[in-house]
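Keep the viewer open as you read.

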Amino acid sequence: MNNPTLPALPLVDEPLPQPKRFGAVELERLTAMVQQTSMFYWKGPQTTALVDEFRRHHPLKYCLPCSSGTAALHVAVSSLRLQPGDEVIVPPISDMGTYIGVLYQQGVPVFADVDPRTYTLDPADVRRLITAKTRAIMAVHLAGNPCDMAALTAIAREHKLALIEDCAQSWGACWQGRPVGTIGDFGCYSLNDFKHIGCGDGGIVGSNNDRYGPGLNNWADKDYGRTEGGRDPETLAPNYRISEPQAAVAAAQMTKLPDIVARRNRAGELLTQRLAGTPGVLLPVVRPGDTHSYWFYMLRLELTRFAQPRAEIAAALTAAGVACSVLLVRKAAYRWPVFQNHNIFGGTWPARDAGLTTMDYRTVNCPTTEAIIDDCVKLPINEAMTDAYIEKVARAIRTVLKRLEK
Ligand SMILES: *Cc1c(COP(=O)(O)O)cnc(C)c1O
């Protein structure tokens, strides 16, 4: 109560701004949709509109809307036709959806460490982990910050690996002026409710690669080969179809993307500007020429400069009215029980039990990832935040941290 280290009043004296996400544009499309005689995705007007809107921002030759970001990633991995035990290099700070497709295709996620300031794959560690079994690299553009695609593309070319871009958190982000997802062999996007744009649940997988592109649809639609009108599955593929109601909302949301991204980018960049030079704070780094689309903002604390542990610093920030969290990235993915217990299918892991991999997730340790998880603070960013709000947040963070410095 009378803790002299805490400011008396919240320094951010307004609630977290909440954007109005859905409205007239979505309603118009949904109204048109219910006049249709079918809600099926194949050649559906809403799904077609979604692809058209998506393509305005993403120059991808082949595009397949599907049921989730996880589905999009699974379709990409399926296209590679992995042999059991084949390896895919992945970062350990991500959503389970990044790993699901690899595991279902009997592949082995191999965890590479991340860069301490961008939080995305460290190309040097990726290179170190390449073996004769490596087939692909999964580049997760975490929080909206593009991966080092120059380095990852060079590694992929040199070792003949596929490059899958997980763009679930990076709608509208650009690497050297090019939209993420259009640089590697696949771009995979999520339209779940929490992403920049969403339709409840949905996803898109795109490719410019003539080897993989034509088959995308089959991998998400029971291998039914709708283009040939056939129903003669040659291989195992799930039903990951989108539906017209989802596509209607997603197509409407897509028209709002440039504005949402511009606003989020402005908010994130302003926060970085205003926090620059704050003692004890390591700010996220965006490479020159790249555009971060700030799904969230994450900074790191130099904890040796403070007397209190991170939880107390975060509590002081919260008391000052700063929306923040230290829990959203709780653990490196390899520490999740599914990996620690190698419980991939009913308590077993067929690829390992058959001797096709010696991977033991209990021995995996990515030191930079562990350090980030221990000292990061996540701050929400959204398109409703004004410059004035961000200025208040920055001032509050500087004030609180100054009081808590040793
Ligand atoms: C959200 C997310 C996914 C999964 O997307 P869903 O639509 O929830 O299946 C995959 N990767 C990353 C990095 C994500 O943030």
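## The largest cavity

The lining of the largest cavity is made of eleven nonpolar residues, with no polar and no charged ones. Please keep in mind that you are looking at a predicted model. To find this spot in your viewer, select Leu-16, Leu-271, Val-322, Ala-323, Leu-379, Pro-380, Ile-381, Met-385, Tyr-389, Ile-390 and Val-393, which line the cavity. Two elements give two or more residues each to that lining: strand 12, covering 376-380, and helix 14, covering 387-404. Helix 14 supplies the largest share, with three residues.

How much space lies in the largest cavity? The answer is about 70 Å³. In total, the structure holds three cavities of 30 Å³ or more.

## The largest pocket

Now for the pockets. The largest pocket holds about 830 Å³ of space, and 35 residues line it. If you want to centre your view there, go to Pro-214, Gly-215, Leu-216, Asn-217 and Asn-218, the lining residues that lie nearest the centre of the largest pocket.

Helix 2 (45-57), strand 1 (62-66) and helix 7 (216-220) are the elements that give two or more residues to this lining. Of these, helix 2 gives the most, with five residues.

Which pocket does the ligand sit in? You will find the ligand in the second largest pocket, whose volume is about 570 Å³. This pocket is lined by 28 residues, and Ser-94, Asp-95, Gln-169, Lys-195 and Trp-295 lie nearest its centre.

The elements that contribute two or more residues to the lining of the second largest pocket are helix 3 and helix 4, the latter spanning 97-104. Helix 3 gives the most here, with three residues. Sorted by class, the lining of the second largest pocket has twelve nonpolar, nine polar and seven charged residues.

## Around the ligand

Let's zoom in on the ligand itself. There are 14 residues around the ligand, and those that come nearest are Gly-69, Thr-70, Asp-166, Ser-190 and Lys-195.

Which helix provides the largest share of the shell around the ligand? It is helix 3, residues 69-79, with three residues. By class, the shell around the ligand consists of three nonpolar, eight polar and three charged residues.

## Polar contacts and burial

Asp-166 places a polar side-chain atom 2.7 Å from a nitrogen atom of the ligand. Thr-98 also has a polar side-chain atom facing a ligand nitrogen atom, at 3.3 Å. For Gln-169, an N or O atom of the side chain is 2.9 Å from an oxygen atom of the ligand.

How much of the ligand's exposed area does the protein bury? On its own, the ligand exposes 380 Å², and the protein buries 92% of that.

Notes:
Residues numbered from 1 in each chain as written. Predicted model: local features only at pLDDT ≥ 70, side-chain atom pairs only at ≥ 80, totals over all residues. Heavy atoms only, no water. Near = heavy atom within 4 Å. Polar contact = N/O pair within 3.5 Å; in protein donor to acceptor, adjacent residues only side chain to side chain. Areas by Shrake-Rupley, 256 points an atom, 1.4 Å probe, with all protein chains shown as cover. 1 Å grid on protein atoms, 1.4 Å probe; cavity = no way out; pocket = protein on both sides within 12 Å on 5 of 7 lines; lining within 4 Å. Sits in = over half its atoms within 2 Å of the grid points. Helix = DSSP H or I, 4+ residues; strand = E, 2+ residues; numbered from the N terminus. Nonpolar A, V, L, I, M, F, W, Y, C, P; charged D, E, K, R; others polar. Points joined across faces, edges and corners; volume = space filled by probe spheres on them.
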